[in-house]
Amino acid sequence: MQLTRFVNGFKRLETPFYFYDLDILDQTLRLYTKFLRKYGYQAHFAMKANANPRILEMIHRSGLGADCVSGNEVQLALDMGFDPDTIVYAGVGKSDREIRTALQGGIFCFNCESIPEIRIINDLASQMGKTARISLRLNPNIDAHTNKHITTGRSRDKFGISEWMLDEVLGIIAASRNIKLIGLHFHIGSQVEDMQVFEKLCKKVNSYQKWFEQHDIHLEHINLGGGIAVDYENPIENPFSPFETYFETINSNLEVRKGQKVHFEPGRALIAQSGYLISRVLYVKIGRGKKFAILDAGMNDLIRPALYGANHAIFNITSASQKKEVYDVVGPVCESADRFGLAVKLPETGRGDLIAICSTGAYGQVMGMRYNQRELAQAYYSPDL
Ligand code: LLP
């Protein structure tokens, strides 16, 4: 596998750590932005997927803006040099302080998720003598057929404004002097594998557009959010997401008005496959009818398996054994959920072996925490090793 050429470099390092293959990131960004150019679309990287400055710097250089979900993300994007005009800000619970940060920074657009939020943004903008550009994040009631923890576009989910509220919303916007409605925003879920879901979303957007036009409102911007899936099962064979099919699906189903701009907020699909969590085997422990490979990485370093039951491909990158064995690959944290894979087939594994957990560039390092007072994992990068 591609990682073997880095193994000698890894051996010198203290584990666990995140390793980013910046060549893969570069290739992913080139591929993704090729389609943006082809269709004249714009994109804002969902910083929640990875806020590592070195990664953000590359993404910024590739011409993408930033999609933020907190005041601190907005501030980080500004500090990293993202043009305020490329920063969008979503979230169901924006605090007054966060809204002020974004207004002060002069960001491109607030993606508003409720009526009370629109009112508060208007009040704060008025106090600061500013006008806030807003898009309405609509909840189109579409099931993204993905993990229940990361589906966001059904009417029972907390996200977005429901259709039946739109008349009231328009009334409020008309009466708000410090708000300018510039578009619609959607994000129906993450790790969406079924392209029909995006097709459905486009059709919904088309009908919303007609509704707004009937109300004499012309929308300059349509933002379709993120959600493109990555291949967690075969990350080495499939490092790139199906961007071509995705953009073709959007292009052939979305009715774009003259002069209208279409935006996206990719997170996972840009960075997941560039990242690996590298750890050492501390012990191999015999259990009842099974063997545990106990790693020095835990759920505090990578919480996706514990939180969502997510599966990541796992490789032993140092064992030379031809013999295959089956292991439950677990961490050291005092929780039964602290496991990365059950019944994983690996070459015979022993203390000191290096284990790579793949596709961890997105929602990996950024979700790390210090539970059990464990250290945060460091990051290393491919051209440096
Ligand atoms: N835009 C909005 C408004 C979002 O809420 C999200 C992700 C994205 C864009 C980016 O979606 P992506 O392209 O990455 O699918 N921690 C979870 C994922 C949470 C996603 C939350 N929203 C995980 O590890 O799977």
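Ala, Val, Leu, Ile, Met, Phe, Trp, Tyr, Cys and Pro count here as nonpolar, Asp, Glu, Lys and Arg as charged, and the others, Gly among them, as polar. Keep that in mind for the first view of this predicted model.

**View 1. The shell around the ligand.** Let's start with the neighbours: 19 residues surround the ligand. Ser 190, Glu 265, Arg 304, Tyr 308 and Tyr 363 are the closest. Sorted by class, the shell holds 6 nonpolar, 7 polar and 6 charged residues. At least three of the shell residues come from domain 1 (2–17 + 273–384), and at least three from domain 2 (65–265).

**View 2. Polar atoms facing the ligand's oxygens.** Look for Tyr 363, where a polar side-chain atom lies 2.6 Å from an oxygen atom of the ligand. Gly 227 takes part through its backbone: an N or O atom there lies 2.9 Å from a ligand oxygen. Lys 48 places a polar side-chain atom 3.5 Å from an oxygen atom of the ligand. On its own, the ligand has 580 Å² of accessible area, and the protein covers 92% of that.

**View 3. Two backbone details in loops.** Most residues other than glycine have a negative phi, and most peptide bonds are trans. Then move to Gln 191, in the loop between strand E8 (179–185) and helix H8 (195–214). Gln 191 is not a glycine, yet its phi is positive, near 55°.

Conventions. Residues are numbered from 1 along each chain as its sequence is written. This is a predicted model: local features need pLDDT of at least 70, side-chain atom pairs count only at pLDDT 80 or more; totals for chains, interfaces and linings use all residues. Side-chain values use heavy atoms; hydrogens and water are left out. A residue is near a molecule or strand if one of its heavy atoms lies within 4 Å of it. A polar contact is a pair of N or O atoms within 3.5 Å; within protein, one must be able to donate a hydrogen and the other to accept it, and residues adjacent in sequence count only if both atoms are side-chain atoms. Accessible areas come from the Shrake-Rupley method with a 1.4 Å probe; for residues, only the protein chains shown count as cover. Domain bounds come from an automatic or database domain assignment. Helices (H or I, at least four residues) and strands (E, at least two) are DSSP runs, numbered from the N terminus.
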